[in-house]
Amino acid sequence: MKFSEMPYERPELDKVKAQLAELAEQLKSAKNYEEAKAVFLEKEKTQKHIQTAATLCSIRHSIDTRDAFYDKEMAFWNSAIPELQEYEQLFTAAMLESPYRNDFAAEYGDLMFVNAEIALKTFSPDIIPELQQENELTKEYDKLIASAKVPFEGGVYTLSQLTPFKRDPDDARRLAAWKAEGQWFKEQQPKLDEIYDKLTHLRDTMGKKLGYEGYTTLGYYRMGRNCYTKEDVEKFRAAVRKYLVPVADKIYRKQAERLGKEYPMSFADNALEFRSGNPTPCGTPDDILAQGKKFYDELSPETSEFFNMMLDNELLDVLSTEGKNSGGYCTEIADYGVPFIFANFNGTQHDVEVVTHEAGHAFASWMNRDRVPMDYIWPSMEGCEVHSMSMEFMAWPWAEGFFGDDTRKFRYSHLSGALTFIPYGTMVDHFQHEVYAHPEYTPKERHAVWKKLLGEYMPWMKLDGDIPFYSEGEGWQRQSHIYDMPFYYIDYCLAQTVSLQFWAMLQQDRKNAWEHYMAYTRQGGSRVFTELLANAGLENPFEEECLKGVCAKADEWLDNYDLKGAL
């Protein structure tokens with residue numbers, strides 16, 4: 001079914017609550033495994049219906065945050081989801097206590113119970129008011145960012161539409177664009193500070209109500225982390241500082257030489273990789289999607305079927321329009337067994353990476369759409385990001401169709417960008433650990449923490465005051481994950497480290513790399529992250545040698561890459 005034809009109807013909240021409560025009672029009274037399994041499958045069906053309605057509402061609201069109907073419906077879901085969570089947990093508790101638990105585990109695996117036990121640690125009816133307030137605050141942040149209208153050179157632009165100007169080869173124009181964006185954020189700063197301050201205290205309160213030291217432990221549970229700890233993340237961050245920051249620093253020093261700039265460079269100059277301009281896709285958005293179709297048609301029979309299904313059913317919304325939420329995402333419309341891709345094309349390299357990155361998520365969802373329980377369709381977040389970041393590299397043999405004369409620049413930019421991203425992403429994670437360890441911090445103190453971490457993780461950034469929003473340590477307020485999904489960002493860094501293993505395989509044997517990718521993807525979310533990796537013959541990014549190895553290989557490739565004619 002086409003996305004435009006999928007009907008949305010708000011469910012009757014009391015009816016759904018009663019249905020979930022009744023299913024929990026039926027599970028408790030089941031006389032044998034077959035009865036218990038039938039109740040479990042009915043709960044799966046109910047969960048899909050609820051999730052489908054909420055997802056359709058969320059997608060349509062993000063496509064146009066000005067739509068009054070879906071704005072009202074989002075307010076409903078922001079209030080309803082925390083209330084439904086109480087009834088969801090009644091069923092979860094009944095599953096954990098079921099005398100047929102071993103039978104379920106024999107048929108579906110024990111991970112569903114591991115994750116259920118974690119889920120129970122994230123909720124109590126006592127925190128429903130905080131969860132509802134959290135939803136409203138994140139919605140307020142998202143709407144504020146989506147409402148941005150930045151005056152520049154006689155026009156008015158959304159943040160996404162301004163991006164090409166922030167990468168313009170002309171130094172003065174590029175700096176002016178960065179200043180214009182920074183000025184908009186400066187004007188919104190009181191509200192941005194207020195929203196985040198409220199979110200920090202709300203989350204700290206939730207953690208303490210549930211018996212934790214604050215938010216951090218709860219945050220890890222909410223992210224579903226089932227095979228690594230805060231200490232493992234700290235170990236990874238240390239390896240990033242030890243092995244990756246020097247490699248990234250080297251990349252930026254060479255960039256400064258290419259641009260004829262002093263090192264360290266300003267935020268605006270760091271955004272320009274080549275004096276002749278950053279790589280840009282050739283053609284229109286339709287041309288990019290057509291090349292995406294060619295890529296997936298030729299990559300494998302499975303990817304061909306998948307991408308044509310996406311195009312035929314209008315499951316991509318990629319143009320940047322007024323009122324549209326920023327960023328990009330992939331989600332799943334459960335009742336129809338299909339994914340959906342949301343993005344903001346803006347004429348930059350990122351447009352192509354959307355077609356590969358978000359479609360990597362979507363392909364994994366499509367491949368596992370029939371899994372039971374439905375929670376096994378997706379792995380945990382860092383596992384999901386492996387699908388997407390690695391798919392970006394799988395597209396390298398088709399890069400010329402996306403970038404034309406800029407292909408050589410693109411390959412260098414893509415690999416160097418993967419390396420330089422990890423220190424930034426790790427810094428985002430470190431920042432959040434500091435924030436939630438010190439909920440008493442004022443907005444000014446939080447900005448000071450970010451500025452300090454910039455010096456540790458991104459020493460190539462010159463904090464010269466040209467763009468106060470960035471140089472004064474406030475740039476984190478552009479990163480929506482910090483507001484909307486605390487502790488998510490390290491997942492990108494772990495996954496990027498794994499994707500670099502796929503990149504290294506591709507340099508040797510494309511067929512072998514794809515076989516490893518499919519071995520990883522076919523598992524869906526049926527295993528924890530570290531087991532997914534082991535089963536696909538991949539190294540664990542928490543092991544220091546893993547990061548050390550991929551850094552060395554990528555650094556050597558960049559050193560030997562011929563950039564003649566691409567500068």
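Rings of Phe, Tyr and Trp (its six-membered ring) form a pair if their centres lie within 6.5 Å; planes under 30 degrees apart are called stacked, those over 60 edge-to-face, and the rest tilted. By this criterion the structure holds 52 aromatic pairs. The model is predicted, so that local features need pLDDT of at least 70 and side-chain atom pairs count only at pLDDT 80 or more, while totals for chains, interfaces and linings use all residues. Residues are numbered from 1 along each chain as its sequence is written, and side-chain values use heavy atoms, with hydrogens and water left out.

**Aromatic pairs**

- The ring centres of Tyr-8 and Phe-69 are 6.2 Å apart and the ring planes stand at 80°, so this pair is edge-to-face.
- Helices (H or I, at least four residues) are DSSP runs numbered from the N terminus.
- Tyr-8 is buried, at a relative accessible area of 15%, whereas Phe-69 is partly exposed at 44%. Buried means under 20% relative accessible area, exposed over 50%, and partly exposed in between (1.4 Å probe, protein chains only).
- Tyr-157 and Phe-165 also form an edge-to-face pair, because their ring centres lie 4.9 Å apart with the planes at 65°.
- In this second example, Tyr-157 is partly exposed with a relative accessible area of 22%, and Phe-165 is buried with 13%.
- Ring pairs also join residues into a cluster, whose members include Tyr-141, Tyr-196, Phe-421, Trp-450, Trp-476 and Tyr-492.

**Charges over rings**

- The charged end of Lys-324 sits over the ring of Phe-342, 4.8 Å from the ring centre. This term requires NZ of Lys or CZ of Arg within 6 Å of the ring centre and within 35 degrees of the ring normal.
- Arg-369 places its charged end over the ring of Trp-366, 3.5 Å from the centre of that ring.

**Cavities**

- On a 1 Å grid over the protein atoms alone, a cavity is a set of points where a 1.4 Å probe fits but cannot get out, and a pocket is an open set with protein on both sides within 12 Å along at least five of seven lines; lining residues have an atom within 4 Å of a point.
- Across the whole structure, 3 cavities of 30 Å³ or more are found.
- The largest cavity has a volume of about 70 Å³, a volume being the space filled by probe spheres set on the grid points, which are joined across faces, edges and corners.
- Lys-324 is one of the residues that line the largest cavity, as are Ile-145, Thr-158 and Asn-344.
- Helix 6 (128–146) and helix 7 (159–162) each supply at least two residues of this lining.
- The second largest cavity holds about 40 Å³, and its lining includes Lys-250, Lys-254, Tyr-412 and Asp-555.
- Helix 10 (230–259) and helix 24 (544–560) are the elements that give two or more residues to the lining of the second largest cavity.

**Second largest pocket**

- The second largest pocket contains about 400 Å³ of space.
- Its lining comprises 17 residues, with Glu-9, Pro-11, His-49, Ile-50 and Ala-53 nearest the centre.
- Helix 2 gives the most to this lining, with 6 residues.
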